[in-house]
Amino acid sequence: MTEAQIAVEKENLRRYMLRLRDRQSVGEIEQKSQDIIDQVLHLHEYVRARGIACYVNKDSEVNTRPLIRATLDQEKRVLIPVVKKGDIELFYSEIKDLGSELAPGTFGILEPKPENVHPVSLDTVDVMFVPGIVWDREGYRLGWGRGYFDRVIKNLPQHVRSAGLAFNMQLIGKVPRDQFDVPVDIVVTESRVIRCRQ
Ligand SMILES: Nc1ncnc2c1ncn2[C@@H]1O[C@H](COP(=O)(O)OP(=O)(O)OP(=O)(O)O)[C@@H](O)[C@H]1O
Ligand SMILES: [Mg+2]
């Protein structure tokens, strides 16, 4: 397959999976999200972590808010990704409170309001949660199609583990890959913890 064919294939899969994911009821999403987060809170990587980097969920994504709240309650560091219009790279900003510091950012995803931006290096955390629409058991993923997280994972400090949160329905046999795609270390669904790179 050419790069262009891979890109078309990725786009079709994203659209297909978003439709499927959107068909779940609010109750289903909440129950499965709780099951996913409960497993995350017991991962040794998480338990040992001084802090995490985590996006705030949108639409029918796995609800990451309980994870962010639990982490703040344990007084671990929480970093949230920030994307500035026109930039090809994102950066991370520390938050202390989920309720008051955030507002919709460039892509409508919640991120720190300008007055609450405190850039912090990923060196200070031990687990980074990466958003994704489609996943496979080797940790490959389709995100929003801008390559932001491929760049982040590629440059991740050695000690930081990368993890995806997904509903079982979002797992497929093999995600189409191009030269820039980088897999995550762990994928957690409502019924499984998949360790991708042994
Ligand atoms: N490190 C990189 N350097 C240059 N181009 C890149 C890099 N990473 C990704 N790209 C390009 O960015 C575009 C989007 O990549 P891709 O479709 O893999 O996005 P994605 O993984 O779904 O998005 P994201 O990582 O933002 O969630 C592709 O054209 C890809 O080739
Ligand atoms: Mg990619």
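Strands β9 (residues 161-165) and β10 (residues 186-188) run parallel and are joined by three bridges; helices (H or I, at least four residues) and strands (E, at least two) are DSSP runs numbered from the N terminus, and two strands pair if DSSP finds at least two bridges between them. This is a predicted model, in which local features need pLDDT of at least 70, side-chain atom pairs count only at pLDDT 80 or more, and totals for chains, interfaces and linings use all residues. Residues are numbered from 1 along each chain as its sequence is written, and chains are lettered from A and ligands numbered from 1 in the order in which they are written.

β9 also pairs with strand β6 (residues 127-130), in the parallel sense.

| Strand paired with β9 | Bridges | Bridge partners |
|---|---|---|
| β6 | four bridges | V127 and R161 |
| β10 | three bridges | I186 and A163 |

Five of the five residues of β9 are buried, so the strand is largely enclosed by the rest of the structure. Buried means that 20 or more other C-beta atoms lie within 10 Å of the residue's own, exposed that 12 or fewer do, and partly exposed in between, with C-beta atoms placed from the backbone. R161, A163 and L165 point one way from β9, and S162 and G164 the other way.

Helix α2 (residues 26-42) has buried residues K32, S33, I36, I37 and V40. They cover an arc of only 135° around the axis (taken from the directions from the helix axis to the C-beta atoms), which puts them on the same side of α2. The face turned away from this buried side carries the exposed residues G27 and H42.
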